[in-house]
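Reader: I am new to this structure and would like to know what stands behind the terms used for it. Please take them one at a time.

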Amino acid sequence: EPYASVTIVAPHDSLGSMMTLCSDKRGEQTDVEYISDDTVVVKYDMPLMEIIGELYDEIKSKSSGYATLDWEEIGYRKSPLSKLEILLNGRTVDALTLVLHRQTAVPIARSIIAKLKKLISRHLFEVTIQARLGNQIVGRETLPALRKHVTGKVTGGDVSRKRKLLELQKEGKKALRGTGEVQVGKEVF
(Lines give C-alpha, C1' and ligand atoms only; values in the text may rest on other atoms or scores of the structure.)
Protein backbone atom coordinates (compact mmCIF):
# COMPACT_ATOMS: atom_id res chain seq x y z
CA GLU A 1 0.00 0.00 0.00
CA PRO A 2 1.32 3.51 -0.73
CA TYR A 3 2.81 5.38 2.23
CA ALA A 4 3.49 9.08 2.69
CA SER A 5 5.61 11.21 4.98
CA VAL A 6 3.31 13.66 6.78
CA THR A 7 4.49 16.92 8.34
CA ILE A 8 2.14 18.76 10.70
CA VAL A 9 2.93 22.22 12.05
CA ALA A 10 0.65 22.91 15.01
CA PRO A 11 0.39 24.90 18.24
CA HIS A 12 1.97 23.26 21.29
CA ASP A 13 -1.47 23.02 22.98
CA SER A 14 -2.78 20.59 20.36
CA LEU A 15 0.28 18.30 20.25
CA GLY A 16 -1.35 15.47 22.23
CA SER A 17 -4.49 15.39 20.08
CA MET A 18 -2.37 15.45 16.88
CA MET A 19 -0.30 12.49 18.06
CA THR A 20 -3.42 10.54 19.04
CA LEU A 21 -5.07 11.29 15.71
CA CYS A 22 -2.02 10.21 13.69
CA SER A 23 -1.56 6.98 15.66
CA ASP A 24 -5.28 6.18 15.18
CA LYS A 25 -4.71 6.59 11.43
CA ARG A 26 -1.95 3.89 11.57
CA GLY A 27 0.84 6.47 11.53
CA GLU A 28 4.39 5.84 12.76
CA GLN A 29 6.05 8.81 14.43
CA THR A 30 9.42 9.75 12.94
CA ASP A 31 10.20 13.16 14.48
CA VAL A 32 8.98 15.88 16.88
CA GLU A 33 10.66 19.26 16.74
CA TYR A 34 9.90 22.52 18.55
CA ILE A 35 10.25 25.57 16.29
CA SER A 36 9.37 28.03 19.05
CA ASP A 37 7.88 27.97 22.54
CA ASP A 38 4.35 27.53 21.23
CA THR A 39 4.83 25.86 17.79
CA VAL A 40 5.75 22.23 17.14
CA VAL A 41 6.50 20.20 13.99
CA VAL A 42 5.42 16.55 14.09
CA LYS A 43 6.44 14.06 11.37
CA TYR A 44 4.73 10.74 10.72
CA ASP A 45 4.84 7.98 8.12
CA MET A 46 1.31 6.79 7.37
CA PRO A 47 -0.73 5.10 4.63
CA LEU A 48 -1.87 7.41 1.86
CA MET A 49 -5.39 5.97 2.18
CA GLU A 50 -5.66 7.46 5.69
CA ILE A 51 -4.51 10.90 4.52
CA ILE A 52 -6.88 11.15 1.56
CA GLY A 53 -9.96 10.65 3.74
CA GLU A 54 -10.63 13.27 6.39
CA LEU A 55 -7.21 13.81 7.98
CA TYR A 56 -6.92 17.47 6.94
CA ASP A 57 -10.37 18.36 8.33
CA GLU A 58 -9.72 16.50 11.58
CA ILE A 59 -6.36 18.24 12.06
CA LYS A 60 -7.96 21.64 11.48
CA SER A 61 -10.78 20.91 13.94
CA LYS A 62 -8.46 19.60 16.69
CA SER A 63 -6.19 22.66 16.42
CA SER A 64 -8.97 25.27 16.06
CA GLY A 65 -7.77 25.93 12.51
CA TYR A 66 -4.13 26.75 13.37
CA ALA A 67 -2.38 23.56 12.19
CA THR A 68 -1.06 22.91 8.69
CA LEU A 69 -0.55 19.63 6.88
CA ASP A 70 1.97 18.68 4.21
CA TRP A 71 2.63 15.21 2.82
CA GLU A 72 4.97 13.55 0.34
CA GLU A 73 4.88 10.02 -1.09
CA ILE A 74 7.66 7.74 0.16
CA GLY A 75 6.86 4.45 -1.60
CA TYR A 76 5.02 1.21 -0.91
CA ARG A 77 4.95 -1.04 2.18
CA LYS A 78 3.40 -4.41 2.87
CA SER A 79 0.09 -4.19 4.73
CA PRO A 80 -2.66 -6.67 5.59
CA LEU A 81 -5.33 -5.43 3.16
CA SER A 82 -8.70 -6.99 2.42
CA LYS A 83 -11.18 -6.57 -0.40
CA LEU A 84 -14.61 -5.50 0.87
CA GLU A 85 -17.51 -6.36 -1.42
CA ILE A 86 -21.11 -5.23 -0.95
CA LEU A 87 -23.74 -7.72 -2.14
CA LEU A 88 -27.39 -6.94 -2.91
CA ASN A 89 -29.48 -10.14 -3.05
CA GLY A 90 -26.29 -12.15 -3.51
CA ARG A 91 -24.97 -10.06 -6.43
CA THR A 92 -21.80 -8.00 -6.06
CA VAL A 93 -22.08 -4.24 -6.66
CA ASP A 94 -18.73 -3.35 -8.23
CA ALA A 95 -19.12 0.38 -7.58
CA LEU A 96 -19.20 -0.25 -3.81
CA THR A 97 -16.12 -2.52 -3.67
CA LEU A 98 -13.28 -1.19 -1.50
CA VAL A 99 -9.78 -2.24 -0.46
CA LEU A 100 -9.33 -1.69 3.29
CA HIS A 101 -6.93 -2.50 6.09
CA ARG A 102 -8.09 -5.64 7.94
CA GLN A 103 -8.06 -3.84 11.29
CA THR A 104 -10.70 -1.30 10.20
CA ALA A 105 -12.60 -3.32 7.58
CA VAL A 106 -15.36 -4.86 9.74
CA PRO A 107 -16.60 -1.63 11.40
CA ILE A 108 -16.52 0.19 8.05
CA ALA A 109 -18.41 -2.68 6.38
CA ARG A 110 -21.15 -2.60 9.03
CA SER A 111 -21.54 1.17 8.78
CA ILE A 112 -21.81 0.96 4.97
CA ILE A 113 -24.58 -1.65 5.04
CA ALA A 114 -26.45 0.29 7.74
CA LYS A 115 -26.35 3.41 5.52
CA LEU A 116 -27.42 1.40 2.47
CA LYS A 117 -30.43 0.06 4.36
CA LYS A 118 -31.58 3.65 4.91
CA LEU A 119 -30.81 4.84 1.36
CA ILE A 120 -32.12 2.00 -0.84
CA SER A 121 -35.85 2.26 -1.52
CA ARG A 122 -38.05 -0.70 -0.66
CA HIS A 123 -39.09 -3.13 -3.40
CA LEU A 124 -41.94 -5.59 -3.75
CA PHE A 125 -39.54 -8.30 -2.60
CA GLU A 126 -37.17 -8.63 0.35
CA VAL A 127 -33.65 -7.25 -0.32
CA THR A 128 -30.62 -8.61 1.54
CA ILE A 129 -27.61 -6.33 1.90
CA GLN A 130 -24.38 -8.13 2.81
CA ALA A 131 -20.73 -7.18 3.30
CA ARG A 132 -18.12 -9.78 2.36
CA LEU A 133 -14.41 -9.77 3.27
CA GLY A 134 -12.67 -12.44 1.25
CA ASN A 135 -15.00 -15.43 1.56
CA GLN A 136 -16.58 -14.42 4.86
CA ILE A 137 -19.82 -12.47 5.32
CA VAL A 138 -19.14 -9.91 8.08
CA GLY A 139 -22.43 -8.03 8.09
CA ARG A 140 -26.00 -8.40 6.90
CA GLU A 141 -29.12 -6.25 6.86
CA THR A 142 -32.50 -7.12 5.40
CA LEU A 143 -34.73 -4.55 3.75
CA PRO A 144 -38.32 -5.76 4.21
CA ALA A 145 -40.65 -6.15 1.24
CA LEU A 146 -43.13 -3.44 0.38
CA ARG A 147 -46.59 -4.81 1.08
CA LYS A 148 -49.53 -4.00 -1.12
CA HIS A 149 -52.92 -4.13 0.52
CA VAL A 150 -54.35 -6.95 -1.63
CA THR A 151 -57.27 -7.64 0.70
CA GLY A 152 -58.51 -4.04 0.65
CA LYS A 153 -61.21 -4.62 -1.97
CA VAL A 154 -62.44 -7.84 -0.32
CA THR A 155 -65.05 -6.90 2.26
CA GLY A 156 -66.98 -9.37 4.31
CA GLY A 157 -67.44 -12.92 3.16
CA ASP A 158 -65.35 -15.94 3.90
CA VAL A 159 -61.83 -15.63 5.38
CA SER A 160 -60.58 -18.16 2.84
CA ARG A 161 -60.90 -15.53 0.06
CA LYS A 162 -58.51 -13.21 1.91
CA ARG A 163 -56.15 -16.08 2.68
CA LYS A 164 -56.15 -17.06 -1.02
CA LEU A 165 -55.17 -13.52 -2.08
CA LEU A 166 -52.39 -13.39 0.51
CA GLU A 167 -51.05 -16.76 -0.69
CA LEU A 168 -51.05 -15.54 -4.31
CA GLN A 169 -49.14 -12.44 -3.22
CA LYS A 170 -46.63 -14.60 -1.32
CA GLU A 171 -46.01 -16.78 -4.41
CA GLY A 172 -45.57 -13.70 -6.60
CA LYS A 173 -43.01 -12.21 -4.23
CA LYS A 174 -41.12 -15.50 -4.15
CA ALA A 175 -40.92 -15.46 -7.96
CA LEU A 176 -39.87 -11.78 -7.96
CA ARG A 177 -37.10 -12.44 -5.45
CA GLY A 178 -35.45 -14.86 -7.85
CA THR A 179 -35.70 -12.67 -10.94
CA GLY A 180 -36.12 -9.14 -9.58
CA GLU A 181 -33.39 -6.53 -9.98
CA VAL A 182 -32.58 -4.24 -7.09
CA GLN A 183 -32.74 -0.65 -8.33
CA VAL A 184 -30.00 1.47 -6.73
CA GLY A 185 -30.34 5.20 -7.29
CA LYS A 186 -27.46 7.61 -8.00
CA GLU A 187 -27.80 9.25 -4.58
CA VAL A 188 -26.74 5.97 -2.93
CA PHE A 189 -23.32 6.09 -4.58
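Author: What follows is a set of questions about terms, each answered from the model, which is a predicted one.

Reader: What makes up the secondary structure of the protein?

Author: The protein has five helices and nine strands. Read from the N terminus, the order of elements is β-α-β-β-α-α-β-β-β-β-α-β-β-α.

Reader: How many salt bridges are there by the rule used here?

Author: The count is eight. The rule asks for a side-chain nitrogen of Lys or Arg within 4 Å of a carboxyl oxygen of Asp or Glu.

Reader: Why is the contact between Glu-58 and Lys-25 called a salt bridge?

Author: The N to O distance between the side chains of Glu-58 and Lys-25 is 3.6 Å. The limit is 4 Å, so the pair qualifies as a salt bridge.

Reader: Where in the chain do Glu-58 and Lys-25 lie?

Author: Glu-58 is in helix α3 (residues 55-62), and Lys-25 is in the loop between α1 (15-24) and β2 (28-34). They are 33 residues apart, and the pair links distant parts of the chain.

Reader: Why is Lys-25 called buried, and why is Glu-58 called partly exposed?

Author: Buried means under 20% relative accessible area, and Lys-25 has 14%, so Lys-25 is buried. Glu-58 has 22%, which falls between the 20% and 50% cut-offs, so Glu-58 is partly exposed.

Reader: How do you know that Arg-26 and Glu-50 form a salt bridge?

Author: Their side chains meet at 3.2 Å, N to O, and this is within 4 Å, so the pair meets the rule.

Reader: Which residues of α4 are buried, and what covers them?

Author: Ala-105, Ala-109, Ile-112, Ile-113 and Leu-116 are the buried residues of α4. Their cover includes β5 (81-88), β7 (98-101), β8 (127-133) and β9 (136-143). An α-helix has 3.6 residues a turn, so residues three or four places apart point the same way.

Reader: Why is β8 described as largely enclosed?

Author: Of the seven residues of β8, six are buried, so the rest of the structure largely encloses this strand.

Reader: What makes β8 a partner of both β5 and β9?

Author: Pairing requires at least two bridges. β5 and β8 are joined by five bridges and run antiparallel, with Leu-88 having Ile-129 in β8 as its bridge partner. β8 and β9 have seven bridges, also in the antiparallel sense, and Val-127 stands opposite Leu-143 in β9. Both pairs therefore meet the requirement. β8 and β9 form a hairpin with two residues between them, and Gly-134 in the turn has a positive phi of about 65 degrees.

Reader: Why are β2 and β4 said to stand at the edges of their sheet?

Author: The open sheet has four strands in the order β2-β3-β1-β4, with antiparallel pairing. β2 and β4 (68-76) each have a single partner strand, so one side of each lacks a neighbour in the sheet. Neighbouring strands of this sheet are turned by 15 degrees against each other on average, direction ignored.

Reader: What joins β2 to β3?

Author: Six bridges join β2 to strand β3 (residues 39-47), and the two run antiparallel. Tyr-34 has Val-40 in β3 as its bridge partner. Helix α1 lies across β1 (2-11), β2 and β3, running at about 5 degrees to β3.

Technical notes:
Residues are numbered from 1 along each chain as its sequence is written. This is a predicted model: local features need pLDDT of at least 70, side-chain atom pairs count only at pLDDT 80 or more; totals for chains, interfaces and linings use all residues. Side-chain values use heavy atoms; hydrogens and water are left out. Buried means under 20% relative accessible area, exposed over 50%, partly exposed in between (1.4 Å probe, protein chains only). Contact means heavy atoms within 4.5 Å. Axes are lines fitted to C-alpha atoms, for helices over the stretch in contact, and angles run from 0 to 180 degrees between N-to-C directions.
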